[in-house]
Amino acid sequence: MQDRNLIGSEWISGSGEEIDVTNPATNEKIASVPNGGAAEARRAVTAATEALPEWRSRTAFDRGKILRRIANLMLERQEPLAELMTREQGKPLAEARGEIAYAASFIDWAAEEGKRLDGELLPASAENKRILVMRQPVGVTACITPWNFPSAMIARKLGPALACGCTMVVKPAEQTPLSAIALAEIALEAGLPPGVMNVVTGDAAAIGEELFSNPAVRKVSFTGSTEVGKILIKQSAQNVTRLSLELGGHAPFLVFDDADVKAAVAGAMASKYRNMGQTCVCPNRFYVQQGIYDEFVAGLTAAVEALRIGSGLEEGIEVGPLIDDPAIEKVERHVSDALEKGGKLRTGGKRAKVEGMADRFYMPTIVEDFTPDMTMACEETFGPVSPLRRFRHEDEAVEWANDSPYGLASYFYTRDASRLMRVAERLEYGIVGANDGTPSTAQAPFGGVKQSGIGREGGRYVMHEYTEIKYVSWGL
Ligand code: ADP
């Protein structure tokens, strides 16, 4: 296991200061990585700048071959990579394996999609002219990623950036740098030229400032909180650095009277309790129509109470620890606020004690009768808590669902095809799971509206994020 930073072809150790990486399930220190800052970020940008001319001049076929090798190596090493992820992040091993495959799928998709970047020749307004439109790589890029999907959040930025001919500096979250470093090792082994991918760990604010004040960086792609996203928007003004932002969400989950209740419960379980509820697309508000409410809540409660809590490394575990102490304290705050304001606890509502483990496990929870004045009704809980509320009719449910400054993911269940299209059109969200609790996939556009972000990742859409359009007015 490498615990260093990759700058160009060099694996760099920290100059004395290090950041500890701990297993959230046990508090055990598993590694320490360099506490880099502006100087390290600058060196990484220089390495990415030096690598750019050669990388961008290669054919998309050539770049695609290397990217496919990276994806294949990730799949070959799925088991050790998944274990490493569970150790630094806490998620159950089965989910970590799934994430490695999911991460590899973004790189694999991009490897192919790079070959399909095209241009246009448009009719001109004068006989002796032609209009040529070409797409070119943006140049040196950077990504800043969160801890909840330590591998996938990098892969879905890195894959397309590299496929388009850009180079990249990766700044992973402080809690989960090891998955990022492992990916960089694989990339070098797959034949990626030094400097095309660089990894810098350490002081996020200092690294961020360097990335935005350095004019060589033409684009930053960020996944994280809306709060930090807004700071980056301000910083990007300095050099008019292009930005892609995938920020917070507050997903509504609607269940109509005509829904398939079993499917709705399964969708709710997959979207809400995966990764202990620590995803930006997981439902934060369940609105259930009154006629089906009792059946849905009974099904959900039974499924929630059957979840197995424990160390993610143990086979069969479905709920691991939360990422750190502030995370579990936030969940506790949200639940006690809801109960004080009249919410009814259906199940869970407290920490779970797991023999021999850290005190960082929270019981999967359901709170009924939540109201808009509760903190969990407007802030992301980022934990395994489902707030439920009854609704009477479609208009009311859609109005409640849209009453949020966020607009990332939304979900609803119905068997009425007309309603399906009507509600899908009316939901003010970038992603709609219509009878689907897990819509994310490599070929689809992922991203939000309102304060949930700018830009899209995935599919052919992400390729616009890493290419510039150039117009050549061609006189004959
Ligand atoms: P979370 O609350 O999920 O940890 P953050 O937005 O705080 O989300 O973190 C997401 C990523 O942004 C992490 O890699 C973190 O280190 C980084 N980050 C945090 N603050 C800043 C900042 N001021 N500038 C640049 N990156 C930052």
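Modeller: Let us begin with burial, where a residue counts as buried under 20% relative accessible area, as exposed over 50%, and as partly exposed in between. Please keep in mind throughout that this is a predicted model.

Colleague: How many disulfides does the structure hold?

Modeller: The general idea is that two cysteine sulfur atoms make a disulfide when they lie within 2.5 Å, and by that test the structure holds zero disulfides. For cysteine 280, the nearest cysteine sulfur belongs to cysteine 282 and is 8.2 Å away, and cysteine 280 is in no disulfide. The sulfur of cysteine 378 also has that of cysteine 282 as its closest cysteine sulfur, but at 15 Å the two are too far apart for a bond.

Colleague: What describes a pair of aromatic rings?

Modeller: A pair of aromatic rings is described by the distance of the centres and the angle of the planes. Centres must lie within 6.5 Å, and planes over 60 degrees apart count as edge-to-face. By this rule the model has ten aromatic pairs. One of them joins tryptophan 147 and phenylalanine 382, whose ring centres are 5.8 Å apart and whose planes meet at 85°, so the pair is edge-to-face.

Colleague: Where do tryptophan 147 and phenylalanine 382 lie along the chain?

Modeller: Tryptophan 147 is in the loop between strand S7 (140–144) and helix H5 (152–163), while phenylalanine 382 is in the loop between helix H12 (375–378) and strand S18 (385–391), so the pair ties together parts that are 235 residues apart in sequence. Both tryptophan 147 and phenylalanine 382 are buried.

Colleague: Which arrangement do the rings of phenylalanine 256 and phenylalanine 412 have?

Modeller: Their centres are 6.4 Å apart and their planes stand at 90°, so this pair is edge-to-face. Phenylalanine 256 sits in the loop between strand S12 (251–255) and helix H9 (261–273), and phenylalanine 412 sits in strand S20 (residues 409–413), so that the pair links distant parts of the chain, 156 residues apart. Phenylalanine 256 is buried, with a relative accessible area of 0%, and phenylalanine 412 is buried at 0% relative accessibility. Elsewhere, Phe253, Phe286, Phe296, Tyr411 and Tyr413 form one aromatic cluster.

Colleague: Which ring does the charged end of arginine 389 sit over?

Modeller: For such a case one looks at how far the charged end is from the ring centre and whether it lies along the ring normal. The charged end of arginine 389 sits over the ring of tryptophan 400, 3.9 Å from its centre, and arginine 156 lies over the face of phenylalanine 446, at 4.0 Å from the ring centre.

Colleague: At what angle do H9 and helix H10 pack?

Modeller: For packed helices, one reads the separation of the axes together with the angle between them. H9 and helix H10 (residues 293–305) pack at an angle of about 45°, with their axes 9 Å apart, and H9 and H10 are therefore oblique to each other. Their crossing is right-handed. Helix H2 (residues 60–76) and helix H6 (residues 177–189) have axes that come within 9 Å and cross at roughly 125°, and H2 and H6 are therefore oblique to each other. H2 passes H6 in a right-handed crossing.

Definitions and conventions. Residues numbered from 1 in each chain as written. Predicted model: local features only at pLDDT ≥ 70, side-chain atom pairs only at ≥ 80, totals over all residues. Heavy atoms only, no water. Phe/Tyr/Trp six-rings, centres within 6.5 Å; stacked < 30°, edge-to-face > 60°. Helix = DSSP H or I, 4+ residues; strand = E, 2+ residues; numbered from the N terminus. Buried < 20%, exposed > 50% of the residue type's maximum accessible area, 1.4 Å probe, protein only. Lys NZ or Arg CZ within 6 Å of the ring centre and 35° of its normal. Axes fitted to C-alpha atoms, helices over the stretch in contact; angles between N-to-C directions. Parallel < 35°, antiparallel > 145°, perpendicular 65-115°, else oblique. Left-handed = near helix turned anticlockwise from the far one by under 90°.
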